[in-house]
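Subject: Structure handover

Hello,

Here is the structure I promised to pass on. Please open it next to this message and follow along.

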Amino acid sequence: MKQVFFSFFLFLIINTAIAQEYKVYKAPTFREEWSKPSYHPDRVIINFGADPATEANVTWRTDTTIIKAFAEIAVADGAPKFWRYGKTIQAKTELFDGLKIKDAKVKAHYHSVRFTDLKPDTMYGYRVGDGESWSEWIQFTTASRDKDKPFAFLYVGDTQNYILELWARLIREGYRKAPDAKFIIHAGDLVNVAHREQDWHEWFTAGGFIHSMVPSVVTPGNHEYRNIPEVDGEDADRRLSVQWRPQFTLPENGPKGLGLEETVYYMDYQDARIISLNSNVSQKEQIPWLEKVLSENTKKWTIVTYHHPMFSASEGRENEELRKLWKPIFDKYKVDLALQGHDHSYARGRVSPEDNVMDGANARDKTGTVYVVSVSGGKMYGLRKKGWDDYEADRDRAAENTQLFQVIRIEGDTLSFESYTAIGELYDAFNLVNNDNGINDFIERKSEAGAERRFSNTISYEDPLPGNLKAVLLSKYPGSEITRVNASKTDEGLLVFSVRLEKDGERTMVNIDEKGIILE
Ligand SMILES: [Fe+2]
Ligand SMILES: [Fe+2]
């Protein structure tokens, strides 16, 4: 008995010690070999073609020993040998030579197959391989020809940082919340360093089989653009991630001759036109194509995705030029929903459909385009203090310091938008009801969700600075504000805080150890 009591006592002491330990973030390391291809297919990803009822594309990667590759596809069935009625299609194989690129340092083969003439509203099974080594059979469903058939899709903002560490849980929770999602919209900044193999490998690993089952609709962010001085020279322009075009097989119905292939395109999913724009380059040059795609659009719902938001969510950010160029077109053609990223926070709001419709402050109202900024990875910025007051727009809901995914459901005249945290809690919701005149009714549903989330009422994003150290710093730098803290541990286990102080717009970086000694 004494023994048991003593053990229990020890357990308590240890647990109390663990609870009090100051946790320091240390990024996991990945060895270079980790992201290298092999003979076996990896990074299998599915995208829809322009007509998701009949077209889907699959892309995968191997090492360069695999020179001939295939995809097999069959209508799926509960019987295991459903493949008997399938067909085998030879892949287009292209060499990816990143050996001269510092961040890539790899040679690989990318293989792709465009599945065409598929049956609408049908579940297919496919697999990819070289005839000997094969992936598992993977299932996806084509869109229906019944334009009124209800469907759902997911939308995520910047994946970008802590991708494998923290985006994995987010996208898996998204898949759990909406297992019937027909596709996933990624609004740019999928990775942090455009050409970096490890970043892309994290992205593919985090999403795992979801990438091969649920078609991705991807649009590039500024982090998908980076120069390659070691190849193009010091003054070289930024260019699209060298992995982008090999690894995605997207509709090629965008503007021609602008170098925007597979970044600007559209697809018609039942009664919704989904348009990807490239907010990074040639913003003006995309306009004639956009006007054509919008003016010819006969679909009930128009959803546009691109990276840089029309109305900034976070402090110190602005895309005025883009707003001047694109917003009048969105207004003219009554775009319903704009799905954006870039600001590493959450903001959702809307503009007036025309000057005199927005009377009355009812929960039910009329609305023009609804704009959303969201973030799905682990990097977080603070919200603009003024909201959207400077813009002719209302910001209705916002969040800081919260990883979110969105589930959008379309059922006839109603579009339901729901935003969920990484643990699957409803954070925001509204409905749009489509009217024949193209102006939507707006139904606010945010009251279904919990309290507003901010840095001030959520688990600290910055490393907490112990009060005694704060006092030491503020006595040495009176009138300063502490705006960033990063904790680390020395090899001897001593805590060191790297602190950013700001006063009158001047920033000072100071290192202070846990004993209060300011380090040089
Ligand atoms: Fe970003
Ligand atoms: Fe960005």
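Predicted model: local features only at pLDDT ≥ 70, side-chain atom pairs only at ≥ 80, totals over all residues.

Two strands pair if DSSP finds at least two bridges between them.

Start with β15, residues 272–276. How many of its residues are buried? Five of its five residues are, and the strand is mostly covered. Look at both faces. Ala272, Ile274 and Ser276 are buried on one side. Arg273 and Ile275 are buried on the other.

β15 has partners you can trace. Strand β14, residues 265–269, pairs with β15 in the antiparallel sense over five bridges. The two strands form a hairpin with two residues between them. In that hairpin, glutamine 270 takes a positive phi near 50 degrees. β16 also pairs with β15, here in the parallel sense, again over five bridges.

**Helix α8**

Next, go to α8, residues 320–332. This helix has 13 residues. From first C-alpha to last it reaches 18 Å, close to the 18 Å expected at 1.5 Å a residue. Where does α8 bend? The bend is at tryptophan 326 and comes to about 35 degrees. A proline, proline 328, follows within four residues.

Which residues of α8 are buried? They are Trp326, Lys327 and Phe330. An α-helix has 3.6 residues a turn, so residues three or four places apart point the same way. The buried residues of α8 pack against β16 (301–305) and β17 (337–340). Just after the helix, lysine 334 takes a positive phi of about 55 degrees.

**Strands β9 and β10**

β10 covers residues 181–186. Six of its six residues are buried, so the strand is largely enclosed by the rest of the structure. Strand β9, residues 151–156, runs parallel to β10, and four bridges join them. One pair to find on screen is alanine 152 with its bridge partner in β10, alanine 181.

**An open sheet: β1, β2, β6 and β5**

Now look at the sheet with the order β1-β2-β6-β5. These four strands form an open sheet, and the pairing is antiparallel. Why do β1 and β5 each have a side without a neighbour in the sheet? β1 (42–48) and β5 (92–97) stand at the edges with a single partner strand each, so one side of each is left without a neighbour. The twist averages 20 degrees from one strand to the next.

β5 and β6 (residues 107–115) run antiparallel and are joined by six bridges. Leucine 95 has histidine 109 in β6 as its bridge partner.

Glutamate 33 sits in the loop between α1 (2–20) and β1. Is glutamate 33 buried or exposed? It has 6 C-beta neighbours inside 10 Å, so it counts as exposed. The cut-off for exposed is 12 or fewer. Glutamate 33 and valine 106 are 73 residues apart in sequence. In space they are 9.9 Å apart, C-alpha to C-alpha.

**Another open sheet: β26 to β29**

This sheet has four strands in the order β26-β27-β28-β29. It is open too, with antiparallel pairing. The edge strands are β26 and β29 (518–519), and each pairs on one side only. Two bridges join β28, residues 506–513, to β29. Asparagine 511 has leucine 519 as its bridge partner in β29.

Helix α9, residues 467–476, lies across β26, β27 and β28. It runs at about 135 degrees to β28.

Glycine 493 lies in the loop between β26 (481–489) and β27 (495–503). It has 7 other C-beta atoms within 10 Å, so glycine 493 is exposed. Glycine 493 and methionine 213 are 280 residues apart in sequence and 45 Å apart in space, C-alpha to C-alpha.

**Domains**

Last, the wider view. The domain assignment gives domain 1 (154–455) and domain 2 (467–519). How many Å separate their centres? The figure is 37 Å, taken over C-alpha atoms.

Best wishes

Terms used:
Residues numbered from 1 in each chain as written. Chains lettered and ligands numbered in written order. Axes fitted to C-alpha atoms, helices over the stretch in contact; angles between N-to-C directions. Domains from an automatic or database assignment. Expected span 1.5 Å × (residues − 1). Bend = angle between axes of the 7 residues up to and from the residue. Buried ≥ 20, exposed ≤ 12 C-beta atoms within 10 Å, placed from the backbone. Contact = placed C-beta atoms within 7 Å.
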